[in-house]
Amino acid sequence: MIRVAAVGDIHMGPDSQGVLRPAFETLPECADLLLLAGDLTRHGTPEEMRVVAREVQDLAVPVVAVLGNHDHHDDRPDEVTAILRDAGVHVLEGQATVVESGGARIGVAGTKGFGGGFVGRCAGEFGEPVMKEFVQHSRRCADGLRAALEQVAREGCDARIALTHYSPVPDTLAGEPLEIYPFLGSYLLAEAIDTAGADLAVHGHAHAGTEHGMTSGGVRVRNVAQPVIGRAFHVYHLPAREPAAAGAVAQQAR
Amino acid sequence: MSTHGSQDAGGGPPAENLDYRIAHLQDRLASGELGELGVRVEARGRAVLLTGTVPSAPCRDEIVRTVHEELAGFSVHSDLVVTEASCPDHAEELS
């Protein structure tokens with residue numbers, strides 16, 4: 001069994017140092033890794049991300065993260081990513097990593113993702129340049145997620161997880177105003193997940209949404225935005241997969 | 001976000017229109033010091049209701065202060081709650 005702890009939208013700032021650390025220190029008792037589903041800061045400043053880094057540094061379980069829209073607000077995504085990586089966090093954007101924990105190999109593919117909406121109610125790559133760029137950004141994120149999940153699939157992991165900030169499905173947005181769904185996620189992420197395969201998809205971003213959902217291909221989706229789960233993190237137990245075919249290429253995160 | 005229930009939806013100078021004032025307030029909450037996008041602001045007649053979950057008590061207090069300042073003259077009811085940071089009491093089995 002694989003034990004996955006996850007939380008998103010912790011929105012840390014200088015006044016929140018130490019708020020989550022006591023709960024995170026219990027992770028070795030209940031989880032094999034911790035996923036952070038973006039919006040770790042309020043404005044994406046290095047100062048705020050250093051608060052996050054101190055909160056998760058030297059935990060006894062691996063930590064894997066994606067950035068969220070708030071973490072981009074200060075236009076320094078590379079800098080805040082480096083701060084997290086210096087603290088030992090695997091930060092993914094169109095990338096995959098395989099962590100070994102609790103005797104299992106757990107593959108995580110991640111992207112921030114983006115909006116655009118869901119089938120039949122979505123933006124198209126048409127018209128003004130800014131509109132086309134909006135959809136193209138969403139598509140690039142989804143393409144990166146699919147490639148990363150395919151990489152994880154080749155590595156014969158015990159579990160495959162898709163980690164995003166934006167939602168791949170509308171199910172987990174229930175509670176949010178319908179009018180803003182196109183800003184909360186994109187079906188392109190779900191299509192990538194269903195195409196490449198995953199055992200679980202985890203996202204944040206939708207504070208007023210709900211925890212449980214599923215892609216049309218049958219992959220379980222969980223919205224772990226902290227206001228949704230009402231805890232420092234939630235834990236999901238996944239059964240270990242059958243080992244993949246021999247000769248699987250072992251390629252670490254790119 | 002929604003302003004249904006506002007008695008100021010139409011008529012009157014734009015600067016006094018509660019709908020627009022709420023929209024400007026939300027811009028300020030998002031782009032200002034707080035970077036707050038998770039608070040719902042709804043008009044209820046001549047009053048305003050705040051709902052949502054915020055990261056800390058100082059954040060909640062600053063939001064309420066900002067709302068009072070931006071919407072001077074209106075009653076403000078805050079149902080904002082601070083995020084829980086306790087450990088989960090169970091795990092979900094995904095078989």
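This is a predicted model: local features need pLDDT of at least 70, side-chain atom pairs count only at pLDDT 80 or more; totals for chains, interfaces and linings use all residues.
**View 1. Helices H3 and H4 of chain A pack against each other.** Here we look at H3 (residues 46-56) and H4 (residues 77-86) of chain A, whose axes lie 9 Å apart and meet at an angle of about 20 degrees. Because of that angle, H3(A) is roughly parallel to H4(A). The crossing of H3(A) past H4(A) is right-handed. On the H3(A) side, the contact is made by A:Pro46, A:Met49, A:Arg50, A:Val52 and A:Ala53. H4(A) contributes A:Glu79, A:Val80, A:Ile83, A:Leu84 and A:Asp86.

**View 2. A:Ala109 sits in the largest nonpolar core.** This core has 80 residues, and the members touching the most others are A:Val4, A:Leu34, A:Leu35, A:Ala109, A:Ile161 and A:Leu163. Let's zoom in on A:Ala109: leaving aside residues up to four places away in sequence, A:Ala109 touches A:Leu92, A:Ala96, A:Leu145, A:Ala148, A:Leu149, A:Val152, A:Ala162 and A:Leu163. Another core, of 14 residues, lies apart from the one shown here and includes B:Ile22, B:Val48, B:Val54 and B:Ile63.

**View 3. A:Asp78 is an exposed residue of helix H4 of chain A.** Back on H4 of chain A, we find A:Asp78. A:Asp78 counts as exposed because 7 other C-beta atoms lie within 10 Å, and the cut-off for exposed is 12 or fewer. For a sense of distance, the C-alpha atoms of A:Asp78 and A:His234 are separated by 28 Å, with the two residues 156 residues apart along the chain.

Key: Residues are numbered from 1 along each chain as its sequence is written. Chains are lettered from A and ligands numbered from 1 in the order in which they are written. Axes are lines fitted to C-alpha atoms, for helices over the stretch in contact, and angles run from 0 to 180 degrees between N-to-C directions. Helices (H or I, at least four residues) and strands (E, at least two) are DSSP runs, numbered from the N terminus. Angles under 35 degrees count as roughly parallel, over 145 as roughly antiparallel, 65 to 115 as roughly perpendicular and the rest as oblique. A crossing is left-handed if the near helix is turned anticlockwise from the far one by less than a right angle, and right-handed if clockwise. Two residues are in contact if their C-beta atoms, placed from the backbone, lie within 7 Å. A nonpolar core is a set of buried Ala, Val, Leu, Ile, Met, Phe, Trp, Tyr and Cys residues joined through C-beta atoms within 7 Å. A residue is buried if 20 or more other C-beta atoms lie within 10 Å of its own, exposed if 12 or fewer, and partly exposed in between; C-beta atoms are placed from the backbone.
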